[in-house]
Amino acid sequence: MPAPSGGVPAGRGGTSPARRRTRRVRRAAAFLVVAALVAVAGANVPEPAAPGWVSPGLVGGGGWPFAGVPLDPDDADGAAYLPDSSAVRLADGRVLLVPSGGEAPVAVAADDPRVAQAVRSDSAWLASGTVPEGPPDSGFRDMAARALLDLRLLTPPNGASLASWYGAWRYSWPRDSAFAAAAFTVTGHPSEARRVLRFLGRVQTGNGVWAARYNADGTAVTDGRPPQLDSLGWVLWASWLYRTRNPGADDLPDLWPMVRRAADHLAGSLDAEGLPPPSSDYWERDHGREQDPRRPTLGVVGPVLAGLRAAADLAQGYGQGAKAAQWRAAAGRVSDALDRQFAPYGYPRSPVRHGLMDTSVTFIAPPFAPADQAVNGAIANAEREQALPNGGVLPGESWSGAPDVAWTPETALFGLSAASGGRTDEAVARLGWLSAHRTSLGALPEKVGPTGRQAGVAPLAWTDSLVLLTLSALRTPLPIPPTS
C-alpha cells in the first residue's frame, strides 16, 4: 500500500529500491488484508499456509486514535523501538511510525517533527501512570514499558482489547480482556481500563454471559463455540479490582448492571454439589475431552470462585446487601465443592484420581484466592510436571500440543503466583526468562520454541497483562477478593 503524503516507504539494502518497495508493499498488504478479512468474516477465512504471524512486533506512533501495524520481518534486522515509544528506528536510520489518526506506516527522517510528536505522546501516556519495574535494579522496566505500549495498541477506541494483531488472534476474548483491564488498573491507566470494561458491558447478553470471543467491531464470532464460564469469573474479578483501586468512582455507571447479570448467572448455575456446569476454559478445548467430562475443570472453578467472591464484595460497596449475601453463599458452596472434589487429588485439572496438573491451579492462589499450604504444594507439583528444557512451561501435564514449545501466558501465571505468594526469587526468575525470550523488538510472543526463538504471534496481550500484574505485585501486593 502506498505511504501517505510526506512519507518514504521503508527498506533495506541488498536489492534495488524499487524491488524492495514492491516486495514490502505486497507483504504489508498481505498482513493487513488477512487481519482485516478475519476481523470481518471471523472463522470462515482460511489460514494461510505460511506462518503469517511472523513479525517481531507492532509499529505505532502515538496520538489518538492510534493504530498498530506489524513490522515487516524484512525490516527487522537492526530495527529497534525508540525509547518509551512504539516508533521504530530502522537500520538505515529512518524511523517507521503510524501517524496520528492514520492506519499505514510511513518511514521518515529521524528529525521529522512526527517522530518527536510520536515519542512525546507515548512517553506522556506511560508517565500518566506507572511503569512497574519490579524489584530495584531488576532491569525489567523496558519489558514493562513495551508490554504497556503494546497492550495499548491492541486496545482500539471501542475497548475491544484484542489478543493480538493477526488472523486467529485478532479477536477480543472476554477472559483476556479482563486481564487487560486489570493490568491497566494496577498501572494507573484507568481510562483504558474503563474502555475495556465498558466494551464488555455493551456486548454482554441479557442472561449475563459473553460469547467465547468477539470481532474487533464488537460483533460476536459465530463459529459454534459455546460461552465459556470462566470468562464471567474473570470479568467479575477485574471489575472488582478496578473498583478497589478507584473507590467511590462514578465514572463507570454500567459496571454494576454488568456485575449483577454475570454474578446472578454464575450463582444460578451451580449444581447440587456446588459446582458450575462443565465448560471450556482458557485451553479453548471442548470439555468433553477432559478426564472427567461430567464436571468442570479447575480452569472454570477457580475463576468462578474468585468472581463470586469479588461480586459479593462489589455488591456490599454498592449497598446491595441482599445480593452480597446471595453471592457470598454461592461462593461458599463453590469453595466447599473445591475442597471435596479437587483437594483430595492434589488440585488437578479434572477432579479424578491421578488427574493431570495444569496452570489453572494458580487460579486458587493469590492474587485470586487466599494463600493455602496445600495449594502451594500443588502449584510446585504443576511447575515440575509442566517444565521444559528451554526454561518455560507447557500449559499442562501430558499436553497434547507441541511437546517442546513453551507458552508465555502459563509461564507468566506461575510468575504472578510466585510474586503474589511472596516467592520473589522465583517470580524474578520467571520474569527473567520471559524478558530473555522477547522478540528482536522486545515484544512478548505467545510461544517460545525449543531453541529459544519466537514460535507464536507477538505481542500477545494476555502475556503483556500478566507480566504487568506480576511486576506490580512484586512492589505492592495485589488485593485478594475477600472470603467473607
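Biologist: What ground rules apply here?

Modeller: The model is predicted, so local features need pLDDT of at least 70, side-chain atom pairs count only at pLDDT 80 or more, and totals for chains, interfaces and linings use all residues. Residues are numbered from 1 along each chain as its sequence is written, and side-chain values use heavy atoms, with hydrogens and water left out.

Biologist: How many residues does the largest nonpolar core have?

Modeller: In soluble globular proteins, nonpolar side chains tend to be buried together. A nonpolar core is a set of buried Ala, Val, Leu, Ile, Met, Phe, Trp, Tyr and Cys residues joined through side-chain atoms within 4.5 Å. Buried means under 20% relative accessible area, exposed over 50%, partly exposed in between (1.4 Å probe, protein chains only). Here the largest core has 126 residues. Those with the most contacts inside it are Trp210, Trp237, Leu308, Trp327, Tyr347 and Val361. Helix α8 (residues 298-317) gives the largest share of this core, 12 residues. Helices (H or I, at least four residues) and strands (E, at least two) are DSSP runs, numbered from the N terminus.

Biologist: What does Val361 touch?

Modeller: Contact means heavy atoms within 4.5 Å. Leaving out residues up to four places away in sequence, Val361 touches Leu298, Tyr347, Val375, Ala378, Ile379 and Ala382. A second, separate core has 13 residues, including Ala67, Ala76, Leu96 and Val98.

Biologist: In what order do the strands of the open sheet run?

Modeller: Two strands pair if DSSP finds at least two bridges between them. This open sheet has four strands in the order β3-β4-β5-β6, with antiparallel pairing. β3 (80-81) and β6 (106-108) are at the edges with a single partner strand each, so one side of each has no neighbour in the sheet. β4 (residues 88-89) and β5 (residues 95-97) pair over two bridges. Val88 stands opposite Leu96 in β5.

Biologist: Is Arg194 buried or exposed?

Modeller: Arg194 counts as buried, at 16% relative accessibility. Arg194 lies in helix α5 (residues 190-203). Arg194 touches Tyr242, Asp251 and Leu252, again not counting residues up to four places away in sequence.

Biologist: And where does Pro136 lie?

Modeller: Pro136 is in the loop between α2 and α3 (141-153). Pro136 is exposed, with a relative accessible area of 63%. The C-alpha atoms of Pro136 and Arg475 are separated by 9.2 Å, though these residues are 339 residues apart along the chain.
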